[in-house]
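User: Hi! I have a model open and would like to talk through some of its packing. Could you help me with that?

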Amino acid sequence: MAGLINFEDEQEVKQFLEKLGVEYSYQCYREKDPEGCQRLADYLEGVKKNYESTAQVLKHNCEVNGHGESCYKLGAYHVTGKGKASVCY
């Protein structure tokens with residue numbers, strides 16, 4: 001993912017963001033990196049605005065990897081009702 005991005009070119013930025021999502025997903029699920037999972041959750045929340053998928057990743061990272069930041073954020077999702085369809089127990 002090296003190289004300069006022309007942030008004035010909307011198409012180039014979209015491609016960059018898509019590749020970023022793929023990279024974070026790979027880090028989380030293939031490399032089993034808890035920080036990669038947290039980055040994926042932040043990406044899904046901030047870029048994609050997909051709160052159900054964010055909640056799923058947070059739940060996975062909390063339960064499987066014991067990642068404190070994901071557990072905390074998942075708790076906040078429970079309190080606010082964000083992504084609730086995906087985190088029912």
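Predicted model: local features only at pLDDT ≥ 70, side-chain atom pairs only at ≥ 80, totals over all residues.

User: Is Phe7 buried or exposed? And what about Phe16?
Analyst: Phe7 counts as exposed because its relative accessibility is 61%, and over 50% is the mark for that. Phe16 is partly exposed, at a relative accessible area of 22%.

User: What is the geometry of the Tyr24 and Tyr43 rings?
Analyst: The ring centres of Tyr24 and Tyr43 are 6.2 Å apart and the planes sit at 80°, so this pair is edge-to-face too. It links distant parts of the chain, with Tyr24 in helix α1 and Tyr43 in helix α2, 19 residues apart. Both Tyr24 and Tyr43 are buried.

User: Let's turn to the largest nonpolar core. Which members touch the most others?
Analyst: There are 14 residues in that core, and Tyr24, Leu40, Tyr43, Leu44, Val57 and Leu58 touch the most other members. Two or more residues come from each of α1, α2, α3 and α4.

User: Which element gives the most to this core?
Analyst: That would be α2, with five residues.

User: What do the buried residues of α2 pack against?
Analyst: They pack against α1 (10-29), α3 (51-65) and α4 (68-80). Among the buried residues of α2 are Gly36, Cys37, Leu40 and Ala41.

User: How does the span of α2 look?
Analyst: It agrees with expectation: at 1.5 Å a residue, the 13 residues of α2 should span 18 Å, and the end C-alpha atoms are 18 Å apart.

User: What caps the N-terminal end of α2?
Analyst: Asp33 does, with a side-chain oxygen 3.1 Å from the backbone nitrogen of Glu35.

User: One more. Is Gln38 buried or exposed?
Analyst: Gln38, which lies in helix α2, is buried because its relative accessible area is 2%, and under 20% counts as buried.

User: What does the Gln38 side chain make a polar contact with?
Analyst: The side chain of Ser70, in a polar contact of 2.5 Å. Leaving aside neighbours within four places in sequence, Gln38 is also in contact with residues including Leu58, Asn61 and His67.

How values were computed
Residues numbered from 1 in each chain as written. Heavy atoms only, no water. Helix = DSSP H or I, 4+ residues; strand = E, 2+ residues; numbered from the N terminus. Buried < 20%, exposed > 50% of the residue type's maximum accessible area, 1.4 Å probe, protein only. Polar contact = N/O pair within 3.5 Å; in protein donor to acceptor, adjacent residues only side chain to side chain. Contact = heavy atoms within 4.5 Å. Expected span 1.5 Å × (residues − 1). Phe/Tyr/Trp six-rings, centres within 6.5 Å; stacked < 30°, edge-to-face > 60°. Core = buried A, V, L, I, M, F, W, Y, C linked by side-chain atoms within 4.5 Å.
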